[in-house]
Amino acid sequence: MVQYNFKNITVVPNGKDFIDIILSRTQRQTPTVVHKGYAISRLRQFYMRKVKYTQTNYYDKLSTIIDEFPRLDDIHPFYGDLLHVLYNKDHYKLALGQINTARNLISKIAKDYVRLLKYGDSLYRCKCLKVAALGRMCTVIKRVAPSLAYLEQIRQHMARLPSIDPNTRTVLICGYPNVGKSSFINKITRADVDVQPYAFTTKSLFVGHTDYKYLRYQVIDTPGILDRPFEDRNIIEMCSITALAHLRAAVLFFLDISGSCGYTIAQQAALFHSIKSLFMNKPLTIVCNKTDLQPLEGLSEEDMKLVMEMKAEAMKTVIGQGGEPTDDQGVLLTMSTLTEDGVIAVKNAACERLLDQRVEIKMKSKKINDCLNRFHVAIPKPRDQKERPPCIPQAVLEAKAKQAAEKEKRKTEKDLENENGGAGVYSASLKKNYILANDEWKEDVLPEILDGHNVYDFIDPDILQRLEELEQEEGLRQAEEVDDDFEMDGKELTPEEQQALAEIRKKKSLLIQQHRIKKSTAESRPIVPRKFDKDKQFTTRRMGRQLSALGLDPSKAIDRARSRSRGRKRERSPANDGGDAMDMDVDTPNKRLRMRSRSRSRSVSRPPGELVPGEGFRDSAQKVKAQKLAKKSSKKRNKDARRGEADRVIPTLKPKHLFSGKRSSGKTDRR
Amino acid sequence: MPQGDYIDLHRKRYGYRLDHFERKRKKEAREVHKRSQIAQKALGIKGKMFAKKRYAEKAQMKKTLAMHEESSTRRKVDDDVSKGAVPAYLLDRENTTRAKVLSNTIKQKRKEKAGKWEVPLPKVRPVAEDEMFKVLRTGKRKTKQWKRMITKATFVGPAFTRKPPKYERFIRPSGLRFTKAHVTHPELKCTFNLDIIGVKKNPNGQMYTSLGVMTRGTIIEVNVSELGLVTPAGKVVWGKYAQVTNNPENDGCINAVLLV
């Protein structure tokens, strides 16, 4: 499985901490209390559990270590080689092997001691065996502690390796030290590689990403390679060689034609020829850097010849890819990273060639056939010879032209700056575009405090307008106040009208006062409805008085009011009354009379089953039944001394007589 | 600097915080107080472990301090006295060493006759029979009690076959059989894992010797071909005696000291 991200490996603890962790975990997670008097099997089980638990923990932790560290044979050969170069494959494998052995040893120890514990016949003996078992396991780990420390260091370093995907589009940059590789990568990507004047600034691989034709490319910057025999190369150079060997990438070989890196073109050419075997099947581009110091045309004869030789070699790769022998566009390029002249062209050329190569390979592979017969680019068949170019409206064209012209015409601040001496020398005048009444005031310094006031409190561009608005508001308010004071003088009214007005006002004020009193008492006392009116204020006599005071005849109104308040003749059983009249003795007529007279003097209530139209009963029988049901339901509640339906209070939750006491026979499981 | 070293890169470009060094200094100064607080407040097993660690640290510190002080003080230098040196007033005496040597050999011969050897553990706690054997009840009603199971470590030898189970009286469980011992050479002070050849003598009795029980103080014979010892005659020594120094049933292993 290809794994190029080593950041997920768990931390490897060092020997002592490892032992502490496991032992303290055993102490916390297993039962701790045991006594001499327990059954022997229980004692044995107690100690066996501890031994097994410790072994399991060691096993788990060591297994995670072994599994998470990558096996050098299972990962991509680029990473395998890179890790070999950095950490030495043998040491790495040895360390992991030791961890594996330790794991097996611990398992064996645990097994042996668990077997011995079965013969333990006393607490002391079992305890000694457990102590011996744990001690031996920890000794195994102590012996393996240096490997753990080594693996931890490797893990830390691996986690910081740049994440290079070996299978995606890659551009590799190589060449002598100090030729400008890192500056190039800084220019085209966002990788911030250190650029320094001394050689071997870059000591490891750096990755940056750049885009070309909507695809993402990895750009890998390698440390400089010196021309040495293979065996003499140090680790840093070996990193670059590894990258060159294993990654299928476009290679940019950088050449410093000015010689300011400290190496002549001859030396660089020699290096090229010594590693050209690594450029097999890779689109190679020779890039001549630092043309600002020495243009390509100004080179001497021998140097030019060397460069051409290199170009010829590079052409071979083009041919190998299936390109034309005469197509030498992307093979030899010049640029200068300082003036940024030609940088983008180099990048585009490299990316283009890489893309072509990858597309070619994909086309030739078998997998493409699955996709290819699913594609179909449909082009409409031309039905006549008429040309139909894309249609751009005239207005858009004009706008575009105008914009282009504007862009050229307008002078930007940056241009001004460059003209007047550059970034450190010229400082732009920010007040240039101020809009002021008098242009001479532009460069004036604004005071902060004037006459003891903050100037900024008084500055406002709209201040005059605001002042006007304020004054308007003031004027309006004053006018309103004048209006409010206006009252009815009462001079235009006739004396009768005036009198009537006075009376109305008096009455009104009286009512208001009464209402106020009523209101204040209503807050503190409940309002008694009219029918329980104790003061008997609202009598018909009062009404009569008030009406006659007004000059109206009250008698009819009184009659009407009275007729409503009088009760009707009460008939308990209307049928019987007629029937019994014949059989009654002398008293009955009086009774009837009494009934009748009583019906007038007393206030009459309705008989209990009498139908009232608004209540919703079909007939009085139904009403009686409803009343009976209501009484029945409340009977039970009343017996339980409940105040109503919702009363669910339990005065004692656990009455003692229900929850205590022995039984004469039987169990007390349930109460 | 590698691309992944973000912290160092940031430090290189922007430097440290303005108060970084002061904070660091103060934090380190506070460590002392924190440590003393932990030492006083930690309870239970944590406290014990911390105390042990701290004690070791303190002892080490004291030693180094003493060593430093040593070099600054002056001391009287005593010349070493060589072994055979004799003060001036005794020079004329004759030495009587020869006789002593003679009597020593006589003493040794007498000891050998008596059967006493010089061993690292001359006296050993006696092991009672009920500690050594566990009674096994057998039979249909589990009433017979003549079988015994040995609860200590034993050695049986490679050619051992059990008696028929019906007749074997002493059961030596296979879990308690050991074939290897950790033998320490008393002079070289290093330990080897050597095979046991046999049990020579168990101080608790010859019944135990014949059963092959190994307890503390037992003399066993171990295979020392690994060590490459050679007799003055030129023959290779491959078996030597060793004495068991621990309780194998409690430790699960046999530790012995070679008898040179």
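This is a predicted model: local features need pLDDT of at least 70, side-chain atom pairs count only at pLDDT 80 or more; totals for chains, interfaces and linings use all residues.
A contact here means heavy atoms within 4.5 Å.

Figure 1. The secondary structure of chain A comes to 22 helices and 8 strands. Chain A has 671 residues, and 30% of them count as buried. Its accessible surface is about 48300 Å². Carbon and sulfur atoms account for 53% of that surface.

**Figure 2. Close-up of helices H2 and H4 of chain A.** H2 spans residues 40-68, and H4 spans residues 89-117. Their axes come within 10 Å and cross at roughly 170°. The two helices are therefore roughly antiparallel, as the angle is over 145 degrees.

**Figure 3. Close-up of the residues in contact between H2(A) and H4(A).** From H2(A), the contributors include A:Arg44, A:Tyr47, A:Met48, A:Val51, A:Lys52 and A:Gln55. Also among them are A:Tyr58, A:Tyr59, A:Leu62, A:Ser63 and A:Ile66. H4(A) contributes residues including A:Ile99, A:Asn100, A:Ala102, A:Arg103 and A:Ile106. A:Ser107, A:Ala110, A:Val114 and A:Leu117 of H4(A) also take part.

**Figure 4. Close-up of a nonpolar surface patch on chain A.** Four side chains are shown: A:Val359, A:Met363, A:Leu372 and A:Phe375. The patch they make covers about 400 Å². A:Met363 lies in helix H11, residues 343-364. The relative accessible area of A:Met363 is 48%, so this residue is partly exposed. That value passes the patch cut-off of over 30%.

Notes
Residues are numbered from 1 along each chain as its sequence is written. Chains are lettered from A and ligands numbered from 1 in the order in which they are written. Side-chain values use heavy atoms; hydrogens and water are left out. Patches are made of residues with over 30% relative accessible area and no salt bridge: like charges are joined within 9 Å, nonpolar side chains (Val, Leu, Ile, Met, Phe, Trp, Tyr) within 5 Å. Accessible areas come from the Shrake-Rupley method with a 1.4 Å probe; for residues, only the protein chains shown count as cover. Helices (H or I, at least four residues) and strands (E, at least two) are DSSP runs, numbered from the N terminus. Buried means under 20% relative accessible area, exposed over 50%, partly exposed in between (1.4 Å probe, protein chains only). Axes are lines fitted to C-alpha atoms, for helices over the stretch in contact, and angles run from 0 to 180 degrees between N-to-C directions. Angles under 35 degrees count as roughly parallel, over 145 as roughly antiparallel, 65 to 115 as roughly perpendicular and the rest as oblique.
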